[in-house]
Every structure is written in structure tokens, then in C-alpha cells.
Amino acid sequence: MMTLNLEIWRQKNSQDSGRFATYQLSGITPDMSFLEMLDLLNEQLIKKGEAPVEFDSDCREGICGSCGLVINGQAHGKEMATTTCELYMRHFQDGDTIVIEPWRAKAFPVLRDLCVDRTAFDRIIAAGGYTSAKSGPHPDGNAILISKPVADSAMESATCIGCGACVAACPNASASLFTAAKISQLAVLPQGQVERGRRVFRMVRQMDAEGFGNCTNIGECRAACPKEISIDNIATMKREYAAALLRGDES
Amino acid sequence: MNLDAKIPSGPLEEKWSKHKGDIKLVNPTNKRKHTVLVVGTGLAGASAAASLAELGYKVQVFCIQDSPRRAHSIAAQGGINAAKNYPNDGDSVYRLFYDTVKGGDFRSREANVYRLAQMSPNIIDQCVAQGVPFAREYSGELANRSFGGTQVSRTFYARGQTGQQLLLGAYQALMRQVDAGKVQVFDRREMLDLVLVDGKARGIICRNLTTGAIERYAGDSVLLATGGYGRVFFLSTNAFNSNATAIWRAHKKGAAFANPCFTQIHPTCIPVSGDHQSKLTLMSESLRNDGRVWVPKDPVDRKKDPSTIPDDKRDYFLERKYPSFGNLVPRDVASRNAKEACDKGLGVGASGLAVYLDFKDAITRDGHKVISDKYGNLFDMYEKITDESPWKVPMRIFPAVHYTMGGLWVDYNLMSNIPGLHVLGEANFSDHGANRLGASALMQGLCDGYFVIPYTLGHYIASTTLSKVDTQHPAFAEAEAGVRASIDRLVATGKKGQKTALEIYRELGHVMWEHVGMARNEKGLKSAVDMIRKLREEFKENLRIPADTDGINKNLEVAGRVEDFLQLGELMAKDALIREESCGGHFREEYQTPEGEALRNDDKFCHVAAWEWKGENQEEVRHVEPLAFENIHLAQRSYK
């Protein structure tokens, strides 16, 4: 059983300026997940008549991308390739102080406590993160042969869960890794060729319009990414952009 | 209650094409005059919303998450079935149809399942066109693997993240329509009531989960694609926020609830580690392609290091009892056998509630690379949770609640008994009978959304007189007042009580798991009804929740869902009590074969049980839709 000191960001709503609050929590076991530790804290706060700490989570197995906390200054904590919900308390010691903050980025306004608004990501996808294949009959799946390395490369990029850790970790709050992962996935696949230029133009423009910063090749995004999305995707995005400009693709 | 399934006449193979030829169409310029409300953005909801918007309808979409991309379909791991027969191993539409009906223990509708099997190849083509990165062979062709309850390889997959990739495909199609101005997304909204005007579904009442505002939305049809109700067991593989509120409140407005007791317990989940646990994690069924399930033959070995137990001291019980299907028996069979082994005192791990799933032979046979390519992410996930590496020691697994075959009753057009209320995906009851085969949930969700509802919704709109209704209609005011009153009631109790919503939720889950879980009997089910009623009283008197209603208050959300689960749980127990037979996932201990397999009673229970809400504190009424098997001979299910 561990006892921890928690310093948690409390903010009533997006207008509130916010502040840290300190809590001491005991009864934590190594098999608890980080979010279950927060559940325990909240149960105690509710019984005391205090407002619980609000945070987003859903699947609690690392795939939905809902959860995301800055833990001791690092997005999703210090374990590599791990979402907050997959972080277990066995990685902490009795008596530790843990500082817990929301994602911090201009494009991700805080809604309450540790919940942020990430709808900017949806708008980036809406700008072009798809093939325009309508529902209905299509050629047989095997009519398009895709080599295994190409399929695997598309899959590597496609595993992004849209959690926003890349933005939270980036000193510029850039969404380049998120945006580039989708652009790369569709750029390597034959199905993505038709709209290739238009896609990169529109998605990059939307990313900028949302108020995300620029990429300056620092690489914090890759280190924080729970799905280990490669920073090569950003190089691909830049090449795709340049190539589309050179081709004179419709923007 | 009218439970006409509206199955088209004619031979099974021709029903759907004949139906498509017969149903009415809405012309393109008229489609844009109709608004459709889609609740839920998983595979069924997102694919339906995108497809309807492409056709020209105005679509409004609602999800409880902060983005439609996070719906729980995202967590589906193993794959999606389709009768493509690419491996040339004898698959066909008929075989997929037959396997699904047999897997469901002959408690589903032939016509619905046949349509699903017929559409399955189109789903793969659709997803490939969207750029879903399915696994490929070196030839560049799509790869397949096997799932339980089948003897062919018909499962398409994208590593262990197939649900994620299919959902992102549907989500992207949806966002394309947002960009085109055809779809409006309302995220962080929870549907709390269905609005009926002239007996037709014409709108919904939502709570804005960010601001707490109660909002009204009107349309010409409501589509519920809100998933299953496995969280009634509290611990399940479902996401933390998965809930039954949307379908339950529609049920209270008159929609029949079909086969509520049909619950799927998935055999391969990571065992419970303690009382703090908030959810369970599935280890994909695909692992049973290569993993071997065993327990020690002698109880004295159960605490030993498994690597020191020689082969002749191990009982590979699935391979022994079911030589033709081996480790790939259907989920209900695998779960029951794991429970039986643990009940005999052979279970492993600290709690004794686990069996081994061992990859040693597969790693020796195929090498690290091949196994890593297939299951690498699942092995990582297992290690993160348990701190043990499946490369070194066998996984420990135990059954957990995973899926609910029951749901709102729908006809062949996916419409409930309330005109205009359509129900898609896991939220309906239609295709899986008493047990769903692995990799068939993704198939059904996408079939409903991409290929069925685009036809049948048009038929409803074209054949119905829809008066002009907006949110100022008195029916909206009345529904809104009801929602406000129920929230006020929760908050008023919540200031005084002592138990949190999660505490009561856990207690309900415990009752459900013990008495309405893997094995059920009359005594247990009756006691479950009593215990749930007591819990419901306690919930009314002794709930404690934070009082803030005008901002994010996730405990208030949970409390509302628990209130609904406390009613649904009782209905599940009653449904299980009345169904005096064992079939699929519904195993009544009183009804089993001498070998301990499920014993159906086709004379008395070859039907769908559909329950009608009669009001608070009134007994629900059970109606029956008989099931006719014209193409498949009803047989005792055997996987030996």
C-alpha cells in the first residue's frame, strides 16, 4: 500500500484561471491503474462533499484516445509507449509527489480540471483525412494489390489514437505528428492517390487555422506518443506538401 | 404489441434483393428535406450517418465522447468476418450464414443472418476503398485468419486493432460529410429521452455534458446505435462509459426489449486483480489460433511455475473435449469449460480464477517474428497490465462479460415497434441469437450502417406521412420536463446519501455476475431480483453525488446510467428465469446434456422474447416472436 501526494490542476471551466490543489491519498496498490487511483481519490472527495477531479477516459485499455494527463511534466507519464490508462501504480514509490495537469495548448482549451476540448483534431480530419469512397459497391478487395511492406507502413501510421499527447509534449504545441500520420497513411496507399495533393493542402491549412504551432523537428512528440508513431511521418507530410506544390495540384 | 418481423417472402437467397426492388425510394431533391438523428458513432452509427448524408439526408449525430472517433467499436481487436473464400477453403455465403445461426444456438432469424452473410464481402470492399490497412500477404492480397466456431479462415484483420481501423474508416467518411455540410456532430451529448409525436419517433432530449444544458433535437427518424449493455455487470470489457441509457429510455417510451438475458461472456480476458478495478481487458479471440488453453491435471500443481509442469501433467481441456474445433470452439463453450476447470479447483493464479493460454509451442513452431506480427500489440498490452511477459510465461485468462446479443427488438428493416425508431449494431437484438461468433460484431455494425439502413430508412420516409414537427412541439416540452425532474431527483438525494454511484454500481455488478452470469439457476435468479430491488431502494434513498448540474459532472452521468441498469438488470434476471432452457450464452444449470452442454428446448422456447414496459413499479409483459427455421435443420450444437 502506498501513500502519495497529488498536486492536481483544478479549473472550474474554460473562463476560470485555474490553480493547483494538493491532496494526500493512501491505500494505493501497485496493481491499480493511474485512473483507478484517481477514481479512488474522487470517491473520497465526493463523500467529503468536495467536487471530484474531472478527467476524460473511456476504453481504459489504450485505444480510444480519451485519456491524457501530463504527469510530472510528461504527457502520459514517463513510461514509453503508454497511455495514461495503461500506466500502473507499480511505477511509483510510496511517498512520491505526483503533479497532474491537463494537456496545455492554445488549440486545446481546458473545459474543466483535466478535461480539454480536442475537436480541433476532428476538424483537421474533416479537411481531408479520408478517401472520398462513398458507401456502395466497390471493386473486389483483392483487385487492388498492396505489397505487404506498403500495407504495414500504412498501418504503422494509422495506429494513431488521436489522444493529443504529441501536441501536449511539443514546445510549439504543434499537431504535425497527428496530421502527418493520417497524410502518410493515405499517401502510401493506392486508394489515397487521387486526392493526394488536395488532402495535404487542406489538412495542413486547417492545422494552422486551429492555432497549433509549427514543427521545428524537436521530436518530443515521438517520445510522448503512446503508439510510437514515427517522426518520419512529418518528413513525409512536408515532402507531400512540396510535391503537391510542384505538381501544381488544386488546393 | 405488434411484432411483425416483415420478412420478405420468397427463397432465402432472393429475399434481400427482392425487398430492395419492392421498397419505396425518396427522390434526391426530397432527401435533403429530411433530418435524421443518429445517436452513437461506433461502427453502426458512423457508417449509417455517413451513408445517409452521402445520399442527401440532413444528419445530426450525437456521441457521449469528445469525438466520434472514440466510440467503443475502436477497441475491437481481432477481426471482421466475410464470406470471400479467398483462402479457397470451402467458405461460402451459405456457410457463414449456417455458422452464425448454429453459433447463435438457433435463436436468431434466418432471413436477417442470411442478408448479413450476403453483404459481408461488400463490407470488405467498402473498407478497402476507404484505405483501411488490412493485413496483406506477400502476394499483396488480403490475409485471413480463423475465429471460434468455424472451420474456415474468413476473418480479415488489421493486426490486433481491426475495430480501430474500421471505425476510423467510418469516422473519416463521417467527417467528410461534416466538411460537406451534410452532417452536424454534437459531441459530449448524452441522449436522455426519446420524443414521440403521433406515436412516431420524432426527436431526442440530450444533456450537454460540458455545460449541463438540456437540449432538444427534432427529426424525421431517430437511429439508435448506442451499443450494448454489458456494463450492467460493472466489470466487463466494455468501455467505462458504455451504457444502456439511450435504449432503456426508448424502451420506457414503448420500444420492445428483446432477449435481454442473452449475454456473451468472452473466454479470454485478463483476470480481475482487485476491488479497485474499473474495467476488464480482453485478449483477442484470435490468440486461440496459436495459443493453447490448459490447466494442471493435479490441483497441487496449480501454484507451481507453469514451465516446470510437464505436458503429461497438463490438461489441454478444449483440445481433449472438442477434437474437431479444439481451442477454436465458440466463446460460450470455451468460457463454460474454463469456469468448470476453476470450479474443480484447477484454476491458476493467486485467485484460482484463471486458466493458462500458452504460446510456447507456437513460438517454437513459427518463431518470434511471426507471432509478434500477429499478436505483438496484445502481448504488450497484457504485459503492461499484469507485469508478466507472454513471451516467457503463459497468459492467465478468465471469462468476462463482453457483448450483449439482446437489445431493442427490430424488424427486417431494423425498425423497432415504434415507427421511425431504428436500431443498429449491438443495440439491436437481430443477428446473433443466443451467442455471437467472434469477428461478427464488426460485420453486423457495418452491414447495418453501410448497406441496410440506407435502403430501409428511405422506405420508411417514403411510406409514412410525417407532419411538420419542431422542438416547440408540446411533446418536447413534456419530455424535457421529465428529464429535468429525474436529474433534480438524483441531485436532491445525492446531497444527503452516503454511497457513491460507483459503489452501488459495483454491488449491482456483483449480483449480476454471481447470479445472472455464466451459469444461472432458478434460485439464484430469484434472489438476484430481490437483491436488485433492494439496491434500487438504496439508490433512491442513499445515493451521494456531486451536486453541480451546470458543468462537467461525470458522477451525475454515471448515476443516471446506474439508475437505468438497476431496472435493466432485473429484467435480465426475469428473462433468464422464464427461459427454461440453455442456449448459447444463456446457460441454465437445470437444463444440460449428460456431457454438460447447453440443452435447448425448441418446443417451448424457439422464439424471441420481447418485453413491453408497463410503467414504473409495474411488471413488464413478455411477448413472443416465433422463429421459423425453413432452411436449417434445428440440431443439437456439437463442436466435438
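Q: How many residues of domain 1 of chain B are in contact with domain 2 of chain B?
A: 13 residues of domain 1 of chain B touch nine residues of domain 2 of chain B, contact being heavy atoms within 4.5 Å. This is a predicted model: local features need pLDDT of at least 70, side-chain atom pairs count only at pLDDT 80 or more, and totals for chains, interfaces and linings use all residues. Residues are numbered from 1 along each chain as its sequence is written, chains are lettered from A and ligands numbered from 1 in written order, and side-chain values use heavy atoms, without hydrogens and water.

Q: And how much area do domain 1 and domain 2 of chain B bury between them?
A: About 850 Å², 56% of it on carbon and sulfur atoms (accessible area, 1.4 Å probe, lost on being put together, summed over both parts). B:D332, B:R336 and B:K339 supply 50% of what domain 1 of chain B buries there.

Q: OK, switching to the chains. How many salt bridges between chain B and chain A?
A: The count there is 12. A:R118 pairs with B:D66, for instance, with the closest N and O atoms 3.0 Å apart.

Q: What area do chain B and chain A bury?
A: About 6400 Å² between them, 48% of it on carbon and sulfur atoms. On the chain B side, B:R70, B:R136 and B:K384 lose the most area to chain A, together 11% of what that side buries.

Definitions and conventions
Buried area is the accessible area (1.4 Å probe) that two parts lose on being put together, summed over both. A salt bridge is a side-chain nitrogen of Lys or Arg within 4 Å of a carboxyl oxygen of Asp or Glu.
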